[in-house]
Amino acid sequence: MIVGSVPVPGLVLGPEEVHRTVRRLADELSTRHEDGTVLVAVLKGSLLFMADLVREVRFVPEVDFMAVSPYPSGGGRVRLEKDLEIDIEGRDVVLVEDVVDTGHSLTLLRHELERRGPRSLSVCAMVDKRARRLVPVPIEHVGVSVSADYVIGYGLDFAGRYRNLDLIASADPAELARDPDRYLAWAYARRPARR
Ligand SMILES: O=P(O)(O)OC[C@H]1O[C@H](OP(=O)(O)OP(=O)(O)O)[C@H](O)[C@@H]1O
């Protein structure tokens, strides 16, 4: 969308819709899981999602964190950067992802977790960019499916910016590549005033 000569991102979910979506996902998880379920957040993007989700589920979760990153050589190969501290053998595990794009990261993560013998494993992803999938991978709980090429906000960054927004917006990756600060004025104008 273009306003005047300044491109602005398209709003995918505003703050209220983000919270409604998190509550719905927490309800879905709460009907299937009991105390002791391990919620594994994928850093860094799942920061806000995990923080909200743990406050909405109706079971007592244990939390842990993983991180992956692409190999510099590219080609979709992904490596584990940070591993769990908890032994998940025999445990119910929910992997909490901010976004699934090509599917490479989630494929590696599912494989890594499955081979440790959890009692159950499911994935709860806030954003599913289904049209961009290169590797098919199951996602049991989806917040929102988008056709956008790139999304920012609610943990999702571009070059470290935009993670702290309480909304999710689609953005033009070419614009961001030209100027990573491109949407900051738009984003901060939408932040609620703090006392
Ligand atoms: O489906 P894929 O194409 O593999 O992309 C999905 C991955 O991208 C995001 O992480 P990102 O690399 O943006 O790192 P960050 O969360 O630390 O910003 C997200 O957390 C996934 O792990």
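Where in the chain does A159 lie? A159 is found in the loop that connects strand 10 (151-152) with strand 11 (168-170). Helices (H or I, at least four residues) and strands (E, at least two) are DSSP runs, numbered from the N terminus. The model is predicted: local features need pLDDT of at least 70, side-chain atom pairs count only at pLDDT 80 or more, and totals for chains, interfaces and linings use all residues. Residues are numbered from 1 along each chain as its sequence is written.

Although A159 is not a glycine, its phi is positive, at about 50 degrees. Y162, which also is not a glycine, has a positive phi of about 80 degrees, and Y162 lies in the loop between strand 10 and strand 11. A residue is termed buried if 20 or more other C-beta atoms lie within 10 Å of its own, exposed if 12 or fewer, and partly exposed in between, with C-beta atoms placed from the backbone. A159 counts as exposed because it has 9 C-beta neighbours inside 10 Å. Y162 is buried, because 25 other C-beta atoms lie within 10 Å.

Strand 8 (residues 120-128) has seven of its nine residues buried and is therefore largely enclosed by the rest of the structure. Two strands are said to pair if DSSP finds at least two bridges between them. Strand 8 pairs with strand 7 in the parallel sense over eight bridges, and V123 of strand 8 is the bridge partner of L95. From strand 7 the chain passes through helix 3 to strand 8 in a right-handed β-α-β crossover; right-handed means that, with the strands pointing away from the viewer, the path from the first strand over the helix to the second runs clockwise. Strand 8 is also joined to strand 9 (residues 141-145) by four bridges, and these two strands run parallel. V142 in strand 9 is the bridge partner of A125.

The ligand is surrounded by 16 residues, the closest being K44, G45, D101, T102 and S105. A residue is near a molecule if its C-beta atom, placed from the backbone, lies within 6 Å of it. Two or more residues of this shell are given by each of strand 4 (38-43), strand 7 (92-100) and helix 3 (104-114). The largest share, four residues, comes from strand 7. The shell comprises six nonpolar, five polar and five charged residues, where Ala, Val, Leu, Ile, Met, Phe, Trp, Tyr, Cys and Pro count as nonpolar, Asp, Glu, Lys and Arg as charged, and the others, Gly among them, as polar. K44 is located in the loop between strand 4 and helix 2 (47-56), and the peptide bond from L43 to K44 is cis, with omega near 0 degrees.
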